[in-house]
Amino acid sequence: YFCPKSMGRKGFRRFVEDKLVRLGGGFLLYSLLLGPIMNLYCFAYSGYPITYRFYTGPTWFILWLLNFTMIYAVIAQFAAPVKMNMPHPVILLLFGAFLSAAFYGAAVGVPEVWSSLGNMVMWKFGIGLYVPFFTAGIIAGRNDWMKSVEEMQTWCVWMLRTIVVGFWILMFLEAGSGIIPIPGVNIDAGVLENLLPPIYAVPMTLTLIQFFHQYFNGTPPSKIAKSAGAAAYTVYIIHPLIYNVWIIAFIAILKAAGVSIWWSQEQMFLYLTIDPATGAPSLLPGSYIWAGFLWTFFLTQLTVWPLAHYMRQLPVLNKIL
């Protein structure tokens, strides 16, 4: 969304240099340093052989954002800007349905061997979501669609919110029926997972933008909101290092409490407990899993945001993060 204005303000060369530093630097920072460090301490704790590995982790998405941005920068040098008002949200919902068809086609048509080509995490998402959404963001930024989202009519806002909640219910029923059978509910999970993402992403995106504009976009923004916005990119890059520390801490607590922990040799970092009755590996009790989830979630939030805030102020990192 911000690429056209940034390009216009900086010019081609400075725009490309800035993206190479910010996006390329963030990708390399994690893949060459932070990701391998995380793997080393996870390997060491869980008893796997300690080896250095180039590890992209969540920054695969930053790599593709860089790819898309560079392609846009080149095309923008000779292609005429697209002038287009924001379509009505109902039209965008229909576009989401079209993208779902493309998503489904890619899901069943792209061979598994090609699904991760170029570090893309499944090309069905690339074709059905990332490419069209990035393109739409460029057009939206060029034509100031944000103002149209901010000024949506009340009935349209509530229609989008209702659709989003409806999708939440559908996803809950699909997930829940696989654990606890629900009489009269029989949802084909495969079909749903290969159709739902784009048609859900369109109303969800519009709803989130409008919701945060209405309720959280104070003028001027609060100090906390401003700091969180500035630190969000750093949080995205470093969060796996932080939550894995708290996962290890939780496992250590379980061990200290006498709970036996078994590490799978076939599926790395899968850990189970040992059933005392059979001596076979089994899932941890549900209460332990919920406790681990809450422990990891809250302690990660309490530590990753302050760490990101100060980390991005360090020399060199303040150019990347």
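## Overall make-up

The structure is a predicted model. Its chain has 321 residues, of which 36% count as buried. Taken along the principal axes, the C-alpha atoms fill a box of roughly 70 × 60 × 45 Å.

The secondary structure consists of 11 helices and three strands. Along the sequence, these elements follow the pattern α-α-α-α-α-α-α-α-α-β-β-β-α-α. Among the contacts in the chain with a separation of 6 or more, 74% are between residues 24 or more positions apart.

## The largest pocket

The largest share of the lining of the largest pocket comes from H5, with 10 residues.

## The second largest pocket

The second largest pocket has a volume of about 410 Å³. It is lined by 18 residues, and the closest to its centre are Tyr 72, Ile 75, Ala 76, Thr 135 and Ile 138. Two or more residues of this lining come from each of H1, H3 and H5.

Helix H5 gives the largest share of the lining of the second largest pocket, namely six residues. H5 likewise gives the largest share of the lining of the largest pocket. By class, the residues that line the second largest pocket are 15 nonpolar, two polar and one charged.

Strands of a sheet pair through backbone hydrogen bonds, and the pairing is either parallel or antiparallel. In this chain, three strands form an open sheet in the order E1-E2-E3, with antiparallel pairing. E1 and E3 are the edge strands, as each pairs on one side only.

Strand E1 (residues 262–263) pairs with strand E2 (residues 271–274) over two bridges, in the antiparallel sense. In this pairing, Trp 263 stands opposite Tyr 271 in E2. Strand E2 also pairs in the antiparallel sense with strand E3 (residues 281–282), again over two bridges. Here Ile 274 stands opposite Pro 281 in E3. E2 and E3 form a hairpin with six residues between them, and Gly 279 in the turn has a positive phi of about 75 degrees.

## Thr 273, a residue of strand E2

Thr 273 lies in strand E2. Is Thr 273 buried or exposed? Thr 273 counts as buried because its relative accessibility is 9%, and the limit for a buried residue is under 20%.

A polar atom of the side chain of Thr 273 lies 2.7 Å from the backbone oxygen of Ser 260. Ser 260 is also one of the residues in contact with Thr 273 when neighbours within four places in sequence are left aside.

## Gly 118, a residue of a loop

Gly 118 is found in the loop between H4 and H5. With a relative accessible area of 41%, Gly 118 is partly exposed. Thr 273, by comparison, counts as buried.

Which residues are in contact with Gly 118, leaving aside its neighbours within four places in sequence? They are Leu 63 and Trp 64. How far apart in space are Gly 118 and Met 146, C-alpha to C-alpha? They lie 32 Å apart in space, with a separation of 28 residues in sequence.

Methods. Residues are numbered from 1 along each chain as its sequence is written. This is a predicted model: local features need pLDDT of at least 70, side-chain atom pairs count only at pLDDT 80 or more; totals for chains, interfaces and linings use all residues. Side-chain values use heavy atoms; hydrogens and water are left out. Helices (H or I, at least four residues) and strands (E, at least two) are DSSP runs, numbered from the N terminus. On a 1 Å grid over the protein atoms alone, a cavity is a set of points where a 1.4 Å probe fits but cannot get out, and a pocket is an open set with protein on both sides within 12 Å along at least five of seven lines; lining residues have an atom within 4 Å of a point. Grid points are joined across faces, edges and corners, and a volume is the space filled by probe spheres set on the points. Ala, Val, Leu, Ile, Met, Phe, Trp, Tyr, Cys and Pro count as nonpolar, Asp, Glu, Lys and Arg as charged, and the others, Gly among them, as polar. Two strands pair if DSSP finds at least two bridges between them. Buried means under 20% relative accessible area, exposed over 50%, partly exposed in between (1.4 Å probe, protein chains only). A polar contact is a pair of N or O atoms within 3.5 Å; within protein, one must be able to donate a hydrogen and the other to accept it, and residues adjacent in sequence count only if both atoms are side-chain atoms. Contact means heavy atoms within 4.5 Å.
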